[in-house]
Amino acid sequence: MSEQINIDELLTEMASSIKEHTGRSGHEDPLMIGIKRGGAWIAKQLHEQLGYSDPLGELNIAFYRDDFSTLGMHPEVSPSQLPVDIKNRHIILVDDVLYTGRTIRAAMNEIFDYGRPKSISLAVLIDRSGRELPIQADIIGKTIILNEGEHAKLSGPEPLALEIKQTG
Amino acid sequence: MTGNTIQLDNNGNLKHFLTTEGLSQSLLQKILDHAESFATVGDRPVKKVPLLRGKTIANLFFEPSTRTRTTFELAAKRLSADILNLNISTSATSKGESLSDTLQTLEAMHCDMFVVRHANSGAAHYIATQVAPHISVINAGDGRHAHPTQAMLDMFTIRRHKKEFENLRVAIVGDVLHSRVARSEIHALNTLGVLETRIVAPHTLIPKEVESLGVHVHHDMDEGLEGVDVVMMLRLQRERMRGALLPSEFEYFQRYGLTGKRLEKAKPDAIVMHPGPINRGVEIDSSVADSERSVILQQVSHGIAVRMAVMAMTMGRSGDDMEENE
């Protein structure tokens, strides 16, 4: 697959979709949280474009993964940072690629260990096929259909680039 | 069988944690990195992560301990594991049950990890050779041999305060002879690449082989503390002393007790550490133990994070399935 994806363009569109989404739902002053690492890169850009006053939160979901017993400790070790109390806040959770939905489940479990948010909306750069859990995104940069052996991987943070790979 | 072949699995992951000796610098740094992530769990409203949910850990303490046992217990609970505390000295063995029978009984209860403290050197290592392949063993102190999680929490504390190990001078002061902590610290400090490790103690409290570990020995405390970045005090282990190793505690304090005046020999930003429990007025002056330079209580909190890291690393190993299929 050699289709060029313009990430900057997608981010601009996503930022305006998020604005529209929060405006429509009456979620003024939301708190943005990115999932490490790709989601946090995306979230940083969106956070800047939207000019939110609260600092960006970052989640490392390594301790909440459901594949720990087979894959072991995840190499990503930098800890989660949620600088603002999430209690009763509207949260925009950001990830790079939505695939099985397991990462989002883990992220939501972790968020609830920090407090009870008012709501969580999900924004993803890429929504790809292959969901294994009933999880959908509220804001999507681009939807793509991929087969089981294909993977969409974001590299970054400078520059951000998306690569579609065949894995054996 | 050396410590390393039994501590690591086929993929080089930590399977048991028995000694700091022979582990690579990158593995020790990895333990510290993971501990850094786990340290934040204690600051959250819910001080728990689901990593070891459904796992059962048995604290096997053949020798009494309060702080080590409780921090292992808290670490296990923060990882959502279930933990059994067994004070073996007061239970089965006093009824004549052999060690291997005790272990088999616990395996039959589907335990996944044994945390072992024992008065005999090599006990944890022996247990690691006896257990079923899926069980991990962590050494919580064996005789005079090793106390690797204590050493790693000390390394974690040093790294938090000093960032890098390369340019550090570290003095380990006191009863090195009876100290498993000192042995594990020396191995870890060597591997992490400190500039210099010094041992400061009277002749009678220094083991014969110690200089072969690459440390500098000092018998004069003022000399030993000159220009150091870290002062690691050891507890005078009176309960292990048979015979006349020391004149008196008073005299010991006169020569090797850490006072504010002695500490002036160290660098102005030197930190003071102690594995606890401290004997005030024997190896350390109260005013030093309670001063701003003392990081003794931080060591206790760091112990939880480091033990979480080691438990998680030994229980979750990548490629485990493959290994079992072989």
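Which residue in β6(B) is the bridge partner of Val170(B)? I will come to that in a moment, after a word on conventions.

What we have here is a predicted model, in which local features need pLDDT of at least 70 and side-chain atom pairs count only at pLDDT 80 or more, while totals for chains, interfaces and linings use all residues. Residues are numbered from 1 along each chain as its sequence is written, and chains are lettered from A, with ligands numbered from 1, in the order in which they are written.

Now back to the opening question: the bridge partner of Val170(B) in β6(B) is Thr197(B). Strand β5, residues 169-173 of chain B, pairs with β6(B) in the parallel sense over 5 bridges, where two strands are said to pair if DSSP finds at least two bridges between them. Helices and strands throughout are DSSP runs numbered from the N terminus, helices being H or I with at least four residues and strands being E with at least two. Strand β6, residues 196-200 of chain B, is mostly covered, since 4 of its 5 residues are buried. By buried I mean that 20 or more other C-beta atoms lie within 10 Å of the residue's own, by exposed that 12 or fewer do, and by partly exposed anything in between, with C-beta atoms placed from the backbone.

Let me turn to the domains of chain B. The assignment gives domain 1 as 3-147 + 301-319 and domain 2 as 148-299, and these bounds come from an automatic or database domain assignment. The C-alpha centres of domain 1 and domain 2 of chain B lie 25 Å apart. Across the boundary, 28 residues of domain 1 of chain B are in contact with 23 residues of domain 2 of chain B, contact here requiring that the two C-beta atoms, placed from the backbone, lie within 7 Å. On the domain 1 side, α2, β4 (136-142) and α12 of chain B each supply at least two residues, and α12(B) gives the most, with 6 residues. That side divides into 12 nonpolar, 11 polar and 5 charged residues; Ala, Val, Leu, Ile, Met, Phe, Trp, Tyr, Cys and Pro count as nonpolar, Asp, Glu, Lys and Arg as charged, and the others, Gly among them, as polar.

What about α12(B) itself? This helix is mostly covered, with 15 of its 20 residues buried. The expected span of a helix is 1.5 Å times one less than its number of residues, so the 20 residues of α12(B) should span 28 Å, and its end C-alpha atoms, 29 Å apart, agree with that.

The next topic is the interface between the chains. Here 19 residues of chain B are in contact with 15 residues of chain A. The elements that give two or more residues to the chain B side are α2 (25-39), α12 (296-315) and α13 (320-325) of chain B, and α2(B) gives the most, with 4 residues. The chain B side divides into 7 nonpolar, 6 polar and 6 charged residues.

I would also point to some backbone details. In chain A, a cis peptide bond joins Lys36(A) and Arg37(A), with omega about -5 degrees, and Arg37(A) is found in the loop between β1 (31-35) and α2 (38-50) of chain A. In chain B, the peptide bond from Gly276(B) to Pro277(B) is cis, with omega near -10 degrees, and Pro277(B) is found in the loop between β9 (271-273) and α11 (286-289) of chain B.

Where does Asp29(A) lie? Asp29(A) is in the loop between α1 (7-25) and β1 of chain A, and its phi is near 55 degrees, a positive value in a residue other than glycine. Asp29(A) counts as exposed because 10 other C-beta atoms lie within 10 Å. Asn88(A), not a glycine, has a positive phi of about 65 degrees, and lies in the loop between α3 (68-71) and β3 (90-98) of chain A.

Finally, is Phe62(B) buried or exposed? Phe62(B) is placed in the loop between β1 (56-61) and α3 (67-78) of chain B, and counts as buried because it has 20 C-beta neighbours inside 10 Å. The C-alpha atoms of Phe62(B) and Asp142(B), 80 residues apart along the chain, are separated by 9.7 Å.
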